[in-house]
Every structure is written in C-alpha cells, then in structure tokens.
Amino acid sequence: MIKNVGIALVLGGSMAIGGAAALPAHAALGGDLAEDLDAILSDDRLQGATVGVIVRDAKTGATLYDRTGGGSVVPASNNKLQTSAAAFDILGPGYRFRTTVSVKGGNLYLTGTGDTTMRAAEYDRLAAAVAAKGITRVRGDLIADDTWFDDRRTPADWDPTDLQYAYAAQTSALTVSPNDDFDAGSVQIDVAPGSREGDPVRVGLTPDTDVVKIDNRAVTGAPGSQSTLAINRSNGSNTIVVTGSYPVDGQPTNALRSVEEPTLYAADVFRKALARHGVRVAGATERGRTPADARVVAARTSMPLSRLATPFLKLSNNVMAETLVKAIGRKTRGRGTWEAGLPAVVADLRRLGVDTSQVTMTDGSGLSRGNHTTPEQLGTLLRNVRRRPWFPAWYAALPIAGQPDPMVGGTLADRMQGTAAAGNVHAKTGTLTGVTALSGYVRDPDGRTLIFSSVFNGYSGGAPKDIEDAIAVRLATGDDEETRTTLRRGPVNGGHLEPTWLNGRLP
C-alpha cells in the first residue's frame, strides 16, 4: 500500500508520481476505438501486468471495447462503488446516524450509531444542550456506549503497518473527526518550530484530548535546513512520538494519525466540552451500555446519506466505507459487524445484476487485498444503478475530472485538466501499491454516455494514472485532433498527484 513515508508525505502537500513516460511512437491515434485503446495500453509500464478495461454504451449495454474485462483484479478503492451502491439501496438516501446523550441513575450516557461527521464542534453543541437542560453536575460516570457496532476495530486482513495512518483508522459507533474531511478516528498533530534553533518544536493536538499523549523529541533546526520530522504511533499505543528536526523558519504544519479506541477519544472530547459549559462529571469515563429507560436530554443527527456520499466518494474515505458496512449489517441482521454487513452488500450487488460469483469482498473500502472483482462486473454495476431513484445523488458524489474544488473534483481534481474529459468524467479512483483503477462515466462527442472501467494490477514503477486518463480522454474526444495531441504528449499535466493531499487516504 502507499504509505506515509517521511514528513513530506504525512504533512500534506503534493508529490508528483514521477517517471511517467510518453506513449510509444506507434501509439498515434486514428479513428478506431479498439486500435486507439490498444495503442494506449501498449505502454511498456504495463508489460507483465494484469490489465482489465471495459467500455460499454450506458443506454444499450453494448460492449464497445473489452481487454480482459472478465479477469479477476484487486479493485482498491473501486470497492467503494459496490459499498456505496449497496448503502443507498439498503439504508436509503435519507439514512442518518444519531448520537444521543441520556441520563439514568446519576450517570450520563453518550450513545453513538457510527456518525463519522461528529467533530469537536458537534460534541460542544451536545454539551451546550445538556447544560441548557439545567444539568450542572453528574454524580456518577460518563458512560460511552458504542454497542451499536461490535468492538472489532479494523478488518482482520489489513496490513498492520498501515494502522497508524488516518486512511486505516479504527471503526467505532462512537468516534470523532478532527477536520472537515471527516477523517474519523484520527487526531491532528500540529507542528511548529520553536523560537530559536535548538529549542523543542511546538506540538499540539486537534481536537484537544487527554487520550492521546505526545512524546516530543524533535528540535528546531537551522534556518533553511531540511526537515527530518517523523511522526509515529505504535499499534496498541496512544502515544505519538515526534522525532527529527524542523527549521526555525518553517511554516506551521500538521499530520493525521489514527487513535486507539476511538470510543474513549470521543468521550474525552465530549467530557471536555461539558466542562466548558459548566457541567462537571464526578466519576470516571468508561465504556458501557445505555439503559433502555434512560432519558434522552440531547441528540444530534448527521446529514443524510445522500449528502454524506460527497465526502465519502469524492475523498475516498475508508472509515466511512467500513462504517456503512457495519450499519448495513445492523439494519439487515441486527448486528453491526463486517460478518453481517459484507454478505448483505454482496446480496444487494446480486439484486443489481452483478455476477457475485466473480466478487469477493473482505472490507468495504478496498484497503484489503483480499477484495476481488472484474472490470466487467464494475461496468455492470455502473450501468444498472442508473435505474435506481437515488442515482442522481450517487452520480454527483463521484469525483469529477479537472474540477479543483476538493468537494467537486475530489481525487480527480488535478487530473485531465484542460481536456474534454474535464467536468465530464465522473469516476471512482483506486490506489494501492501495484494497483490503480478508474471506473465511471463519460460523455462522448455525440453526447452518448459511456461506462468504462480500467483496473491495472502488478505494473512496474509508479501508478500509471496517465494511462487511465488517456483512456478517459479518448472516450471524451473521439478521434479528433485534441485526442491525438493530448495523448502524444504523454501524461496529462505532466504526471499525477499521489493521494498525499488527502492526508494519506488511498483513493
């Protein structure tokens, strides 16, 4: 998997995928779609790789191009196409998560159902609502109830070396997000240089929490020196170790790291909010179950799924995907588990016309390498969901090529700019080490909607996303001169961004 290696990756910014070669000289385009796509796929970087590409007419279903589209591939975050479609189908576009605060027997109960949009501000508003009820003192404990889901936090086959990063954060029915991207279960580490060379760097947390501890070993470096900062959390620990040096003239920056037991993290953020609003809790903070007859004194509901789908799909949010799987399990089988949710997702895919004998799902997000599908089945899903009443909201939530607003372009914001694909292609990206995918919709020059899915596994070097883009641009432009010019010059925009600007999330 792509991991946050070194401070250049973990602290944001852009890193280009280097070395993407121009198309071979013989790849000049004519007018035949098959010849043109064959030429694009003749790139040397795909030698020995598993290549699957399918193009279909969305209206008729006719296959216009097929390069081993029935072959099994690891889809990476194209898995989210399947998870999100099932979530819309099973939970419904109006589905909302609910967080409540209740009282009983001197205790205060904070109860969650998986709302990944709960930030410190939302917990603060809940605390204000509790205070508005005239509650100033809780004689007993603050009980955090996360029993809507089970207590298994990550899928069993996720790479342990990923687990400290925000893209592999833990799933809980009670959680907190540090930012407006809703990176639930993570905390933001804020870093700034000290006043003088040799001083410790300044390190803080957003949101403020006592659940996470900082072990700050980093020092302020000389002006203009290179940053050697490293930020790490060992699995099983909530101590974040900051080492290395940061130049005295460096700008404040930040990174995200996941948190062990996000339930207690959320409860701690809420307890601090209660204190700010004059509500003192005498007892401890612990996990437990809310009594059925507890009296609700405050509540908050999330945005509906139809809106939540935008940050979920645009930003390829893994924790949202896993949360939706557990919510599906809770609704269909009464159990908020992967074991209940994933079979329900697959069963819904079958109802959507997907040949699920070709589909294996071991998580909802695509971070697992145990997931398998085929470009052909992804194409079938993309065609058949167009008949669902919720399709317009789902379609709008997909990343849109070349649109710079992250909540519009998402993981395609910097791709295919200045081409006929910009503002045209709505598609889901996918990235793991050795895996890249792009599947979605594009209008051709005649206004016909085409469905395409391209998934490459096992290529050499960096992710050849320019090849994916070349396919989409060819579909958008037909055989005109713009297509030939665009593809002859090699990678669109001279290469593509790794998902580092998404804080390490794998799109």
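This is a predicted model: local features need pLDDT of at least 70, side-chain atom pairs count only at pLDDT 80 or more; totals for chains, interfaces and linings use all residues.
Start with T111 and T290: their side chains make a polar contact at 2.6 Å.

Keep T111 selected and colour its strand. The residue lies in β4, which covers residues 107-111. T111 has a relative accessible area of 16%, and it counts as buried because that value falls under 20%. To display its surroundings, leave out residues up to four places away in sequence; T111 then touches R98, T99, T100, D145, L174 and T290.

Next, select the open sheet. Its five strands follow the order β2-β1-β20-β19-β18, with antiparallel pairing. The edges are taken by β2 (63-67) and β18 (426-432); each has a single partner strand, so one side of each is left without a neighbour in the sheet. On average, neighbouring strands of this sheet are turned by 5 degrees against each other, direction ignored.

Inside that order, pick out residues 50-57 and 449-457. These are β1 and β20, which run antiparallel and are joined by eight bridges.

Finish with residues 33-40, which form helix α2. What does α2 lie across? The helix lies across β1 and β2, and runs at about 30 degrees to β2.

Technical notes:
Residues are numbered from 1 along each chain as its sequence is written. Side-chain values use heavy atoms; hydrogens and water are left out. Two strands pair if DSSP finds at least two bridges between them. Helices (H or I, at least four residues) and strands (E, at least two) are DSSP runs, numbered from the N terminus. Axes are lines fitted to C-alpha atoms, for helices over the stretch in contact, and angles run from 0 to 180 degrees between N-to-C directions. Contact means heavy atoms within 4.5 Å. Buried means under 20% relative accessible area, exposed over 50%, partly exposed in between (1.4 Å probe, protein chains only). A polar contact is a pair of N or O atoms within 3.5 Å; within protein, one must be able to donate a hydrogen and the other to accept it, and residues adjacent in sequence count only if both atoms are side-chain atoms.
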